[in-house]
Amino acid sequence: MESSSSVAPEGEGVAKVLRSLGSSDPTQLEFLAGSNPGRVSIVHGKTAEVTWSDEGGRETTSTCQFATVLNLRPVAGDWVSVRDGYIVAVSPRRTALRRPGANQRDVQVMAANLDVVLVVVPIDRELNLLLLERLGVMAWDSGARPVVVLTKSDGSQIVDSVVDEARLAVPGVDILTTSSQSGHGIRELRGLLHEGVTAVMLGASGAGKTSLLNALEGTSEVTRAVSRTGEGRHATTTRRLYRLSSGGVLLDIPGIRLLDLMVGQEGVDEAFADITELAEQCRFSDCHHDGDEGCAVELAVANGTLPLRRLESWRAVQAGIATNDRLKDRTKISKRRRAPKPPRPDEFDLDPD
Ligand SMILES: Nc1nc2c(ncn2[C@@H]2O[C@H](COP(=O)(O)OP(=O)(O)OP(=O)(O)O)[C@@H](O)[C@H]2O)c(=O)[nH]1
Ligand SMILES: [Mg+2]
Ligand SMILES: [Zn+2]
């Protein structure tokens, strides 16, 4: 989008529509002059469903084509400029949830402009700490605020100790427990999703994401009994934005597999704040925490202040980053286009297009 022709939306009617679409401050948004401002709720191949406002603040939801020249490929949650049934520009993304693309060389943006990433993990079976940790990293990487939602609490006898366990895997992240069956925790969750908040639910297939949406809204979007392995059957097959009665906006997306999780270094430092902090006391600044002399991290493991599992997770995540970096280098994507106020500028360079 050329900055010279970008304008903030005008008029209280328009602002009202944009707030109802999840913007806490419409004056911070940018759209092309001479177009209508809107938000993508769902993408179908080469078209997108967009809810947009005309100059008078009248709202319309319509299927829009993509202009031939478009700065980014639209995803659910994108703010877009609409003209004559076409998306003519995608506004700069404040935050974005990302994962590797189909051919492993791209990064796929799954959802844009999020305030909160709900990391949804069920606790009716043994808590999957590895998955929780990786989802936490991905959530941090998005630039939005992660909140862990431990679902299916009705199926656990040991909720409190599971919460303690989870807290170690995602230090500094708020944790909610919910049951879509009994309604436990749903009010607290609703409290997070007030006007001006856009949230996405990130979790494995069968974690109970769509059920949360239904519990929040009293709707009946399709959910499905989990198969024994829990793999390979997705009840939700598209990413769709829902406007909640609590005023916020919630994105339901298909389940993500452990295999799909990618990370950037920024998310890691926050997700592994315990290790980052200890690392400051390592003798060498480039310590690998792997047999290096004077390593404070390994010392902490040895004297029991840091669980070994944390260090092992950190190593696994580092190995993943090294792989991703090599892949990124191969794509030779320029670092020219940067957002004006970027929490995560590199996302623009990595969009597959
Ligand atoms: N006991 C219990 N079961 C639940 C709860 N929430 C969801 N389930 C069940 O778990 C299964 C999967 O729930 P979904 O909401 O479809 O899961 P999802 O995360 O949306 O799955 P995908 O759309 O495939 O990603 C369904 O059979 C739900 O009835 C809960 O709080 N308690
Ligand atoms: Mg679902
Ligand atoms: Zn070290």
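Modeller: In this predicted model, the side chains of glutamate 59 and arginine 243 come together in a salt bridge with an N to O distance of 2.5 Å, a salt bridge being a side-chain nitrogen of Lys or Arg within 4 Å of a carboxyl oxygen of Asp or Glu. Because glutamate 59 belongs to strand 5 (residues 59–66) and arginine 243 to strand 14 (residues 240–243), the pair ties together parts that are 184 residues apart in sequence; helices (H or I, at least four residues) and strands (E, at least two) are DSSP runs, numbered from the N terminus. Glutamate 59 is partly exposed at 39% relative accessible area, and arginine 243 is partly exposed at 36%, where buried means under 20%, exposed over 50%, and partly exposed in between (1.4 Å probe, protein chains only).

Residues are numbered from 1 along each chain as its sequence is written, while chains are lettered from A and ligands numbered from 1 in the order in which they are written. Local features need pLDDT of at least 70, side-chain atom pairs count only at pLDDT 80 or more, totals for chains, interfaces and linings use all residues, and side-chain values use heavy atoms, with hydrogens and water left out.

A further salt bridge joins glutamate 298 and arginine 315, at 3.4 Å from N to O, and this pair links distant parts of the chain, since glutamate 298 sits in helix 8 (residues 296–302) and arginine 315 in helix 9 (residues 308–331), 17 residues apart. Glu133, Asp274, Arg309 and Arg310 are linked in a network of salt bridges, and the count comes to 15 salt bridges.
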